[in-house]
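Here is a short note for a colleague who has the model open. Please read the points below alongside the coordinates.

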Amino acid sequence: MSTFQYDSARTGGPPGTTGPTDSVTERWTAQTDGWAGKALAVIDDTAYVGSDGGSVYAFDGDGTERWTISTGGRIDSAPAVVNDTVYVGSHERHVYALDAADGTEQWRSETGQFGISSPTVVDGTVYIGNNGDGQLYALDAADGSDRWTFGVGYSVTASPAVVDDTVYIGSGSAAYALDAADGTERWTFETDALGNATPAVADGTVYLRWNQKVYALDAADGTERWAFETDDSTATPGTAPPTVVDDTVYAGVNDSIYAIAANDGTERWSFETGERVRSSPAVIDDSVYVGGDDGIVYALDASDGTERWRFETGDRNTSISSPVVVDGTVYVGTSDGAVYALTEQ
């Protein structure tokens, strides 16, 4: 399985893989028809990318295009690849299931408005949020038929996390925990604002980031355990989920990356980038990989935040997607439509 932030818990730090630590070189680059893969999915040496030009691409391990299909509406989220099927939502009001080998459409399911969040696929169900009608959908992964919907009264651009038969989602001024089987509400956490915060769930705690604030909630009942807030009152809006590995939470806030103690929310270190960070970090093999709006991919030491290397895509006004790191290669998409695969030099 490959999905946004690696797994259905959205933790952002898969075990058993490695990433480049000393320096990188460009293994390959490919071009799409729009902002490429605000997040990507990578499995079996193939990168699956959606673009805001409305296309879904599959690139082989050398960067050659295996297939592409057009949905007719922009794609703002990462595909999920499960059991040789690519699931993705498009702004032309459909969720698609495509054959991972050749892009053949297996089914499409129409939603009330345009779909936008990255789907989560667990135990034969596709969970996906909808921006236009404020609904979270649960669809049968085999044929796309509706299982249930849950309305939050606000757009749902966040990507749901699913852990232990519970679906977690942030929307508007609340976070929700729902029964994965039927969508009934288990708890709600109310705050001033959460926007569309994608949760990361680890060790019985739900972590959400909104602007300059990171929340830690009890996964069982939604009570607040702690809240971390930077002293930067000018932080630009953002809801990219934090990454949780071992006892540390990593989050991009405005133009910095923060490492926060998972048990009490205290700051361990921070690293300032050149511009805003709107992507989620990937934490692999004691390195933190993140992209900024300065067109740069950064690799940091996870223990103290010191810079290990940086890769410049060539345009300082280019935004970088959330990195995906698989088998020693860092994959990112950019706002100018490029997809990069970076390996140890």
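Predicted model: local features only at pLDDT ≥ 70, side-chain atom pairs only at ≥ 80, totals over all residues.

1. Four strands make up an open sheet in the order E10-E11-E12-E13, and their pairing is antiparallel. Strand E10 (120-122) and strand E13 (146-151) are the edge strands; each has a single partner strand, so one side of each lacks a neighbour in the sheet. On average, neighbouring strands here are turned by 20 degrees against each other, direction ignored.

2. Within this sheet, strand E12 (residues 135-140) runs antiparallel to E13 and is joined to E13 by 5 bridges. Leu136 has Phe150 in E13 as its bridge partner.

3. The whole structure contains 15 aromatic pairs. One of them is Phe189 with Tyr215: the ring centres are 5.7 Å apart and the planes stand at 65 degrees, over the 60 degrees cut-off, so the pair counts as edge-to-face. Phe189 lies in strand E16 (residues 185-195) and Tyr215 in strand E19 (residues 213-218), so this pair links parts of the chain 26 residues apart.

4. Tyr250 and Trp269 form a tilted pair, with 6.2 Å from centre to centre and 50 degrees between the planes. Tyr250 belongs to strand E22 (residues 248-253) and Trp269 to strand E24 (residues 267-272), 19 residues apart. Tyr250 is buried at 5% relative accessible area, and Trp269 is buried at 6%.

5. Ring pairs also join Trp28, Tyr57, Phe59 and Tyr331 into a cluster.

Conventions. Residues numbered from 1 in each chain as written. Heavy atoms only, no water. Pairing = 2+ DSSP bridges. Helix = DSSP H or I, 4+ residues; strand = E, 2+ residues; numbered from the N terminus. Axes fitted to C-alpha atoms, helices over the stretch in contact; angles between N-to-C directions. Phe/Tyr/Trp six-rings, centres within 6.5 Å; stacked < 30°, edge-to-face > 60°. Buried < 20%, exposed > 50% of the residue type's maximum accessible area, 1.4 Å probe, protein only.
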